[in-house]
Amino acid sequence: MSIFILTLSIVLLLGIQQLENSFKYQMENNLGNIDLVIGAKGSPLQLVLASVLHMDNPTGNILYEDAKKISKNPLIKTAVPISYGDNYKGYRIVGTNTKFLKLYNAKIGVGTIVKNTMEVVLGYEVAKQLHLKIGSTFLSSHGLIENNIDVHSERLKVVGILKPTQKVIDRLIITNLESVWEVHHHTENHEHEIDKSHLKDFDEAKEITSLLVSFRTPSALLTFPRKINKETNMQAALPKYELDRLYRFTGVGLNTISWIAYMILVISCITIFISLYKMVKERAFDLALLRTYGASNFQLIKMVAYEGFLIGFLALLFGLIVTEVGLYFITNIIEIGGKLNLLQQFPIKEFFKTGMVVFSMIILSILLAIYPIIKINISTILSHEE
């Protein structure tokens with residue numbers, strides 16, 4: 001019972017710590033040099049999650065011509081257009097330009113960058129998980145969820161594979177904007193039976209999902225977003241602000257669970273103390289007999305300490321195993337683990353920190369439990385034993 005209760009508290013503590021560290025990692029590591037995201041009207045948080053972390057559906061599309069006009073503003077250092085709406089086996093296909101790689105300091109590991117339409121560069125994890133190589137071809141599916149129903153007829157060819165970055169780009173398939181437009185252009189041709197007037201409208205109204213903006217000076221953050229939101233039919237969202245706000249909302253729940261875990265930890269340590277104290281009292285005659293045969297108090301205390309530390313060690317071991325296995329299955333059940341790799345490896349520093357807290361409380365329990373050994377009266381105990 002002591003091991004079970006202590007394991008439960010450790011699982012909660014380690015689980016919350018891993019989720020918290022993973023969330024911070026996603027915010028800090030994947031923002032890159034993105035100061036602002038410009039997209040269709042809607043939820044700014046949804047726009048950020050969809051365009052920066054690629055964890056949500058986009059709020060809509062914006063005209064590429066409008067995005068190009070915004071890009072010419074002197075306050076803007078770089079403006080990277082992205083367009084997506086297709087996937088291959090659940091991995092998103094993003095149409096963009098070469099500046100997109102620079103946002104994440106991504107480098108080509110094998111092959112070359114995209115030079116022609118229908119060519120793609122794979123993120124490291126995509127190539128690894130799908131076993132794709134240079135020269136491999138595949139058909140993309142419409143939408144952001146893997147399906148075998150709405151499959152495009154144009155084959156995409158792998159021309160490059162990125163080096164690992166430990167960022168979201170590792171799990172993306174990168175192509176140019178023209179490839180995305182051409183795929184959907186052919187789809188609309190088929191649906192409209194190659195209506196020439198429709199083709200003209202399509203060429204004049206090319207769309208993108210969003211524009212990833214980096215400013216020349218931080219002061220632009222004070223005025224530029226407000227101008228976009230007021231004077232255009234688009235919206236401007238600040239990634240850092242939106243993700244910080246999301247973290248504050250989720251932080252309340254995480255802190256609550258953390259406090260519950262610490263309360264269970266205290267209860268488990270009380271249980272351990274009661275167990276050890278009861279053991280000392282029930283074995284009083286045996287302990288007194290050992291003293292008569294020359295055993296020292298320190299040797300008797302070691303017996304109690306070994307039992308306490310064994311409970312702590314087993315609880316930490318089981319807690320770590322249950323946490324890792326549990327979070328792995330949870331993230332795969334909700335279909336984010338494989339494609340988004342939301343969870344990062346558990347930091348050893350946090351594990352040792354939790355271990356120190358657990359063993360500190362166990363040491364306290366042991367110190368309280370050995371009081372009868374220190375005050376043991378051998379003659380009294382032996383004379384009252386039947």
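These legends walk through a few close-up views of a predicted model. Residues are numbered from 1 along each chain as its sequence is written, and side-chain values use heavy atoms, leaving out hydrogens and water. In this predicted model, local features need pLDDT of at least 70 and side-chain atom pairs count only at pLDDT 80 or more, while totals for chains, interfaces and linings use all residues.

View 1. Helices (H or I, at least four residues) and strands (E, at least two) are DSSP runs, numbered from the N terminus. Buried residues make up 45% of the 386 residues; buried means under 20% relative accessible area, exposed over 50%, and partly exposed in between (1.4 Å probe, protein chains only).

**View 2. Helix H2 (residues 44-53) packs on helix H9 (residues 239-282).** Their axes are 9 Å apart and meet at an angle of about 110°, which makes H2 roughly perpendicular to H9 (a label for angles of 65 to 115 degrees). Axes here are lines fitted to C-alpha atoms, for helices over the stretch in contact, with angles running from 0 to 180 degrees between N-to-C directions. From H2, Pro44, Leu45, Val48, Leu49, Val52 and Leu53 meet Pro239, Glu242, Leu243, Arg245 and Leu246 of H9; contact means heavy atoms within 4.5 Å.

**View 3. Helix H2 and the residue that follows.** Look for the covered side chains: 8 of the 10 residues of H2 are buried, among them Leu47, Ala50 and Ser51. Next comes His54, with a positive phi near 55°.

**View 4. Helix H8 (residues 220-231) has its buried residues on one face.** Ala220, Phe224, Pro225 and Ile228 are buried. Seen down the axis of H8, the buried residues fall within an arc of 95°, so they line one face of the helix; the arc is that of the directions from the helix axis to the C-beta atoms. Their cover includes strand E1 (36-40), helix H3 (64-71), strand E3 (76-88), strand E11 (210-215) and strand E12 (234-237). Over on the other side of H8, you will find Leu222, Lys230 and Glu231 exposed.

**View 5. Thr117 in the loop between strand E5 (108-111) and strand E6 (119-122).** Thr117 counts as partly exposed, at 35% relative accessibility. Not counting residues up to four places away in sequence, Thr117 touches Asn176, Glu178, Ser179 and Glu182. The C-alpha atoms of Thr117 and Val180 are separated by 8.6 Å, though these residues are 63 residues apart along the chain.

Terms used
Parallel < 35°, antiparallel > 145°, perpendicular 65-115°, else oblique. Expected span 1.5 Å × (residues − 1).
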